[in-house]
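Here is a short report for a first look at one protein model.

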Amino acid sequence: MTVTNSGIQYAVQIITKHFGNLVAKVCETLLKSGPLNLGALIRSTALTPQQVKNSLLILVQHNCVQPFTQESKAGLKVQYIAVYDNILHRLRFAKFLAVVAQELGDDCKQLVAGLLEHGRLTQQQLMDRADQKSKSTSTEVQDVFAVQDAAQENFVRLVNACFVERCPAPEPLLEEPPEQEGPKKSRGKSAKMAQVPETIEQRVLAAARPMEAIRFLITTDAETDDPLQKSENNFSSMGVEEKRKFDDLDSEEHGSNDKGVILWCANFEQFIHCLRHKACIESVRARHDDGAAVVLRAVLKATRNQETKVKTDYSVPLKMDAIYEEVMDSEACPSLEQECVRAHLRLLCGAPLVSGEYEDENEDVLYSVDLKKIIELLQNDEVESIVLKRYGKDAYRIFRLLTSQSNAGRFFETDKISEMALVDKKETPKILYKLWKDDYVHMEKLSLTAAKQSQVMVWKVHKSIVWEHVLGEMYHAAYNLVKRYDHEREENKEVKNTPKEKRFGELEKKANRFLAVRKIMASSLLKLDDALMLFHDF
């Protein structure tokens, strides 16, 4: 889905809160204008060259901007592009840390916390940080080598679980996209939908991503690669510097002494993977039962490392034996029998992929869960709840009826909608008009040729359009919520600066009110971000 203006404002608000106004101005310019070189960025922001350079260094360090090289008439030129998703992920760090703590424990969580805080670190910096953390939190004298060995082991676990990866290449060469062949291939609606071109941001990130062979490769030397091995395998793009000098930056100020340094960063894609799986499991639990949720969790756990992208429509096909073995290994297993597991799989997968004649007797039966359908049901529930709260029960029934028929592309007359949704005929046109005015339904007028010519209004829901509209509203709501929170914090600065034991009377009331408001706002933003991920990331 395209990023709306409200979405850009929300992202800029996040950067302002974390890095200040100057960095936010550079980021906003890149978000609104797209890729720019250093000179164009300086002209657009009206900041000094040094201010723009420092802002870019901060944004690159924290994975919010990706530099890349593109060929132009003047030769190769370094440009910068804002990574919108990574900016939004900055408000999800608490969720990411909860995922690591649940999967690998608190010690691994501390290592990831360092990467999220600093953006990019070397392996040795992570080890040193773990050593300092253990000294500050423990009163006992601990063996330095034991602490570093434990940190090293946890680091390996994080990399093996794909929560930590090597940083992207500093300035990958962006090649021109292959030219689309003639319009013959774009016949039909399905062909058009299948040929969605990649955005320039997606192409840049794909070019910068290290090869899978080295993306999660840990070398024996914590800091550098073996130069002979690098030249032999052409791994020159593996190293990324903490403050990567760009061609446009002053070479004297940013030397190349650390050219071989390997930096690591959090793999946001893997975290979103886990959160998507969690959302699917909880949805299945709510719609069916705990047994179905356990089976789905087993399927997703067994195939997580084989999924190549976040927005997968179906899980990787698995045989019954592999699924049942994973279910039995699950701690949450409620002693499910094999036939019960098979029944849950039929419910989640629909018809299995069978290569033989009989499903029960053939060992080659493969099961693949329809994840896209689960996510679509969650999206339907979210939009329908918005309609219910905003327009009432009658509007909810009408919208749900039209949504259920949206895939078939059917239009419904007003009287037919009134009859099927059990809504009063006089109220139905009013409700439909409100929904149409707010872009929740689509309306067309049909001219009927008869003895007496007349016009009939027909209605339907265009899911993609409505979903994009809802996402824009969510961005706007999140932006307003963050602004309101900042306003409340500024208004209660006196309360925050006053020690708790000195708060009496009116000041104590203000403090209690501020704490209550802050708690409500934090909870609201958390739920709103879950909805944002559902429509934007899942």
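## Terms and source

Buried means under 20% relative accessible area, exposed means over 50%, and partly exposed lies in between (1.4 Å probe, protein chains only). The model is predicted, so local features need pLDDT of at least 70 and side-chain atom pairs count only at pLDDT 80 or more, while totals for chains, interfaces and linings use all residues. Residues are numbered from 1 along each chain as its sequence is written, and side-chain values use heavy atoms, with hydrogens and water left out.

Helices (H or I, at least four residues) and strands (E, at least two) are DSSP runs, numbered from the N terminus. Two strands pair if DSSP finds at least two bridges between them.

## Salt bridges

A salt bridge is a side-chain nitrogen of Lys or Arg within 4 Å of a carboxyl oxygen of Asp or Glu. The structure has 22 of them. One joins Asp530 to Lys95, with 2.6 Å from N to O. This pair links distant parts of the chain: Asp530 sits in helix α24 (residues 506–536), Lys95 in helix α6 (residues 93–104), and 435 residues separate them. Asp530 is partly exposed, at 37% relative accessibility. Lys95 is buried, at 12%.

A second pair is Arg215 and Glu165, whose closest N and O atoms are 2.5 Å apart. This bridge also links distant parts of the chain: Arg215 belongs to helix α12 (residues 212–215) and Glu165 to strand β5 (residues 164–166), 50 residues apart. Are these two partners buried or exposed? Arg215 is buried, with a relative accessible area of 5%. Glu165 is buried too, at 11%.

Arg489 and Asp486 form another bridge, with 3.5 Å between the closest N and O atoms. Both lie in helix α22 (residues 463–491), and because they are 3 residues apart, about one helical turn separates them. Arg489 is partly exposed, with a relative accessible area of 30%. Elsewhere, salt bridges that share partners build one network from Arg92, Lys95, Asp529, Asp530 and Asp537.

## Sheets and strands

Leu121 has Trp264 in β6 as its bridge partner.

Strand β11 (residues 454–460) takes part in other pairings. With strand β10 (residues 442–448), β11 pairs in the antiparallel sense over 7 bridges. There, His442 stands opposite Lys460. With strand β9 (residues 412–413), β11 makes an antiparallel pairing over 2 bridges. Phe412 stands opposite Trp459.

## Cavities and a pocket

Both kinds of space come from a 1 Å grid over the protein atoms alone: a cavity is a set of points where a 1.4 Å probe fits but cannot get out, and a pocket is an open set with protein on both sides within 12 Å along at least five of seven lines. Lining residues have an atom within 4 Å of a point. Grid points are joined across faces, edges and corners, and a volume is the space filled by probe spheres set on the points. For residue classes, Ala, Val, Leu, Ile, Met, Phe, Trp, Tyr, Cys and Pro count as nonpolar, Asp, Glu, Lys and Arg as charged, and the others, Gly among them, as polar.

There are 2 cavities of 30 Å³ or more. The largest cavity holds about 40 Å³. Among the residues that line it are His62, Arg90, Leu115 and Phe268. Its lining has 5 nonpolar, 3 polar and 1 charged residues.

The second largest pocket holds about 740 Å³. Of its 23 lining residues, Gln102, Glu103, Arg297, Lys301 and Arg304 lie nearest the centre. Helix α14 (268–287) gives the largest share of the lining, 6 residues. By class, the lining has 9 nonpolar, 5 polar and 9 charged residues.

## Two loop residues

Ala46 is not a glycine, yet its phi is positive, about 60°. Ala46 lies in the loop between α3 (38–45) and α4 (49–61). Ala46 is exposed, at 66% relative accessible area.

Leu422 also has a positive phi, near 60°. Its loop runs between α20 (414–421) and α21 (427–437). Leu422 is exposed, at 70%.
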